[in-house]
Amino acid sequence: MTDAIEEWFAAAGPRETELRRVDALVREAAPGLDRELVPAGSGTVLGYGLLPYRPRSAKETTRWPLVSLAAQKRHLSLYVCAVVDGAYLPEARAERLGRVSCGRSCVRFTSLDRVDAGELAALVREAAATTADRRNEFFTW
């Protein structure tokens with residue numbers, strides 16, 4: 001693990017343990033995804049599996065992680081950028097994930113103990129699998 005990633009975990013203070021637990025879940029569910037820190041907004045997220053991506057408003061393609069992890073003020077966010085058959089996978093699986101709040105590609109929770117870890121791992125595995133066979137409509141192929 002790089003020193004920068006270790007510093008990112010340590011900078012999370014009381015959320016460090018939870019971030020490490022989610023990181024372990026993601027790495028076990030999708031071991032083929034490389035990890036790196038990615039600038040996002042005014043902060044940095046831990047990204048897994050960077051891929052070509054071009055937002056509608058952009059003129060150029062950039063790289064964005066398939067999965068990313070962030071510590072927010074009151075919760076953790078796991079972003080899973082996967083769209084299959086027009087549906088965002090996190091949003092489609094929201095009811096199975098436990099006591100979480102979901103947006104299109106974001107799963108928000110205060111502790112991994114409030115999440116169905118098996119379902120969250122399955123979400124990450126499905127995102128990786130649909131991306132590997134290029135069925136993930138979120139990214140620019």
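Trainee: Which residues in the largest nonpolar core touch the most other members?

Mentor: In this predicted model, the largest nonpolar core has 38 residues, and those that touch the most other members are Val 22, Val 26, Val 67, Leu 69, Leu 78, Phe 109 and Leu 120.

Trainee: And which elements give two or more residues to this core?

Mentor: The helices on that list are α1 (3–11), α2 and α4, while the strands are β2 (43–53), β3 (62–71), β4 (76–80), β5 (83–84) and β8 (106–109).

Trainee: Take Val 67, then; what does Val 67 touch, not counting residues up to four places away in sequence?

Mentor: With those sequence neighbours set aside, Val 67 is in contact with Val 26, Leu 33, Leu 46, Gly 47, Tyr 48, Leu 78, Tyr 79, Val 80 and Val 124.

Trainee: Switching to charges, how many salt bridges does a search of the whole structure find?

Mentor: The search of the whole structure gives 11 salt bridges, and one of them pairs the side chains of Asp 23 and Arg 27, with an N to O distance of 3.6 Å.

Trainee: Where do Asp 23 and Arg 27 lie?

Mentor: Both belong to helix α2 (residues 16–29), where they are four residues apart, about one turn of the helix.

Trainee: Is Asp 23 buried or exposed?

Mentor: Asp 23 is buried, its relative accessible area being 4%, whereas Arg 27 is partly exposed at 40%.

Trainee: What about Arg 93 and Glu 126, how do their side chains meet?

Mentor: They meet in a salt bridge with an N to O distance of 2.4 Å. Arg 93 lies in helix α3 (residues 89–93) and Glu 126 in helix α4 (residues 117–132), so this pair ties together parts that are 33 residues apart in sequence. As for accessibility, Arg 93 is buried, with a relative accessible area of 12%, and Glu 126 is partly exposed, with 26%.

Trainee: Which residue does Arg 135 form a salt bridge with?

Mentor: The partner of Arg 135 is Asp 133, and the closest N and O atoms of this salt bridge are 3.0 Å apart. Arg 135 is partly exposed, with a relative accessible area of 43%, and Asp 133 likewise counts as partly exposed, at 43%.

Trainee: Last one: which residues do salt bridges that share partners join into one network?

Mentor: That network consists of Arg 93, Arg 96, Glu 119 and Glu 126, joined through salt bridges with shared partners.

Terms used: Residues numbered from 1 in each chain as written. Predicted model: local features only at pLDDT ≥ 70, side-chain atom pairs only at ≥ 80, totals over all residues. Heavy atoms only, no water. Salt bridge = Lys/Arg side-chain N within 4 Å of Asp/Glu carboxyl O. Buried < 20%, exposed > 50% of the residue type's maximum accessible area, 1.4 Å probe, protein only. Core = buried A, V, L, I, M, F, W, Y, C linked by side-chain atoms within 4.5 Å. Contact = heavy atoms within 4.5 Å.
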